[in-house]
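Please examine the sequence and the model shown here before reading on.

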Amino acid sequence: MCVESDGCEIEGCSSSDEVRTLSGSMSPGLKPSQDLHPCKPGHKLSAALLRCRSPAAAAGILTFGNVLNYMDRYTVVGVVQDIQRHYGVKDSGIGLLQTVFICSFMVAAPIFGYLGDRFNRKVILSCGIFFWSIVTLSSSFISREYYWLFVLSRGLVGIGESSYSSISPTIIGDLFTNNSRTMMLSVFYLAIPLGSGLGYILGSSAKVAAGDWHWALRVSPVLGLTAGSLILLFVPEPKRGSADQMGGRIKTRTSWFCDMKALAKNRSYMFSSLASAAVSFATGAFGIWIPSYLTRAQEVQKIEVCPKSEICSSTDSLIFGAITCVTGLLGVLIGAATTRLCRQKTKRADPLVCAVSMLGSAIFICLIFVVAKKSIIGAYVCIFIGETLLFLNWAITADILMFVVIPTRRATAVAFQSFTSHLLGDAGSPYLIGLISDGLQQSYATSTLWKFLSLGYALMLCPFIIVLGGMFFLATALFFLDDREKAEKQLNQLTRPPSSVKVVQI
């Protein structure tokens with residue numbers, strides 16, 4: 001049983017739970033005593049809500065929010081050819097959309113990481129969702145004369161989504177531990193490919209159904225507002241480190257400067273962050289350009305997919321979205337199962353599984369550009385295998401961070417890793433690929449074949465970056481055990497047994 005600040009007993013709450021008062025103060029789980037009285041009728045709603053705040057339910061709601069996070073991000077990509085025609089911009093101009101989004105995302109990430117380690121996390125999450133949903137809906141009404149405003153709106157959406165990506169994994173990290181945490185984080189990060197794929201599908205389907213690509217941006221905001229409300233009502237605010245401390249309490253909190261200094265010295269964390277940047281580089285470029293690349297491949301094969309007088313065909317975006325959903329599911333499940341199996345053989349299983357999957361992915365991604373000119377089906381097969389291997393490492397990378405970083409600086413660590421991976425990864429890769437493609441088209445005679453080849457040559461940069469990422473994961477494996485042991489020792493120094501129970505009054 002737990003006690004609210006007015007001394008009322010609330011059912012459905014364990015003795016290890018935490019009650020957060022309106023003033024923001026926290027009290028540990030309280031045992032029932034003779035002084036407690038039954039809840040009044042007005043408190044029945046609070047009791048019902050608390051009974052719904054199980055860790056599994058919270059993880060499910062946070063995963064739903066993460067699906068919307070990435071679905072909103074890639075809905076624009078599902079109609080990117082229509083946006084390009086509507087605003088009359090070149091490849092580099094379209095690449096700029098994602099670059100501005102990611103730049104604002106990564107700049108905001110450290111700020112939200114700092115806030116997430118010190119303030120109520122679910123309030124920050126909900127405000128972020130409400131903000132990006134409203135901005136996305138507003139952007140669907142921007143006229144063709146104001147492309148710069150449309151680009152700016154994507155930057156504002158990036159700020160809102162940054163709050164979610166930086167903070168939500170740390171709540172799951174505080175609700176679960178060991179293999180259960182690995183499983184829940186796997187489900188949570190399954191939302192990345194699932195949401196991305198659904199973004200393509202939603203954008204393409206809404207465009208076709210309404211006959212206007214603007215409607216693609218008017219569906220996800222409604223779902224976003226729903227997710228924000230669910231988080232406020234049903235997601236608890238767990239005590240930071242509660243899953244790791246076995247009932248202990250954090251005695252002290254280090255400064256932000258101290259946290260950053262410790263993270264910079266954490267070799268496993270730094271190398272895994274650089275590897276994540278390689279993954280972000282490839283996925284950011286592919287997410288924007290692969291549907292366009294396949295469309296140009298079909299044009300080379302004399303298949304008309306984008307008539308001048310009509311909206312462009314949505315087939316490639318729909319197929320690519322479906323492939324992304326399926327490969328994301330397979331990748332995360334295979335990654336979690338493989339890691340759990342390999343942990344029985346070696347304690348370095350997490351980074352080694354990531355390294356092998358990255359190196360294997362690079363091979364099949366290279367083959368995409370070999371077979372696309374002759375066989376679209378062959379290109380889809382290579383995309384399927386390459387993406388599956390690439391998606392293996394998402395949840396595992398998050399679990400590596402949980403192992404080597406103490407609970408009180410995990411939100412900062414997630415935010416800084418997000419900042420690093422985006423800064424060196426997908427913040428520049430879509431624009432860079434578009435810039436290289438434009439440069440090659442200007443250097444040679446422009447034709448349908450050369451537009452296809454120039455984009456393919458630009459995208460060939462991605463497999464080399466993926467190989468580099470695999471090398472970084474191998475480096476992570478060298479230091480993983482030492483850094484994990486250091487984190488466990490630091491956690492023991494920062495914890496103490498629970499103090500005597502007291503009721504907090506406000």
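Contact, as the word is used here, means heavy atoms within 4.5 Å. The model is a predicted one. Once its neighbours within four places in sequence are set aside, Thr-324 is in contact with Pro-193, Ser-196, Gly-197, Glu-387 and Phe-391. Is Thr-324 buried or exposed? Its relative accessible area is 4%, and buried means under 20%, so Thr-324 is buried.

Gly-386 lies in helix α14, which spans residues 376-391. The residues that Gly-386 touches, not counting those up to four places away in sequence, are Ser-361, Phe-364 and Ile-365. With a relative accessible area of 1%, Gly-386 is buried.

Ser-280 is found in helix α11. Which residues does Ser-280 touch, not counting residues up to four places away in sequence? They are Ser-421, Gly-425, Asp-426 and Ser-429. Ser-280 and Ala-427 are separated by 147 residues in sequence, yet the distance from C-alpha to C-alpha is 8.6 Å. Ser-280 has a relative accessibility of 12% and therefore counts as buried.

In soluble globular proteins, nonpolar side chains tend to be buried together. For Leu-62, leaving aside neighbours within four places in sequence, the contacts are Leu-125, Tyr-164, Ser-168, Ile-171, Ile-172, Phe-188, Ile-231 and Val-235.

Helix α2 covers residues 55-78. This helix has 24 residues and reaches 34 Å from its first C-alpha to its last, close to the 34 Å expected at 1.5 Å a residue. A kink of about 30° is centred on Asp-72 in α2. The helix is mostly covered, with 19 of its 24 residues buried.

Where does α4 bend? The bend, of about 30°, is at Ala-109, and a proline, Pro-110, follows within four residues.

Charged pairs complete the account. Side chains of opposite charge can pair when their charged atoms come close. The structure holds five salt bridges. One of them joins Arg-343 to Asp-399, with the closest N and O atoms 2.8 Å apart. Arg-343 lies in the loop between α12 and α13 (349-371), and Asp-399 lies in helix α15 (residues 393-404), so the pair ties together parts that are 56 residues apart in sequence.

Arg-484 forms a salt bridge with Glu-488, the closest N and O atoms being 3.7 Å apart. Because Arg-484 and Glu-488 are four residues apart in helix α19 (residues 461-494), about one helical turn separates them. Arg-484 is partly exposed at 25% relative accessibility, and Glu-488 is partly exposed with a relative accessible area of 42%. Glu-485 forms a salt bridge with Lys-489, for which the closest N and O atoms are 3.6 Å apart. Glu-485 and Lys-489 both lie in helix α19, four residues apart, or about one turn of the helix. Glu-485 counts as partly exposed at 40% relative accessibility, and Lys-489 counts as partly exposed at 49%.

Key. Residues numbered from 1 in each chain as written. Predicted model: local features only at pLDDT ≥ 70, side-chain atom pairs only at ≥ 80, totals over all residues. Heavy atoms only, no water. Bend = angle between axes of the 7 residues up to and from the residue. Helix = DSSP H or I, 4+ residues; strand = E, 2+ residues; numbered from the N terminus. Buried < 20%, exposed > 50% of the residue type's maximum accessible area, 1.4 Å probe, protein only. Expected span 1.5 Å × (residues − 1). Salt bridge = Lys/Arg side-chain N within 4 Å of Asp/Glu carboxyl O.
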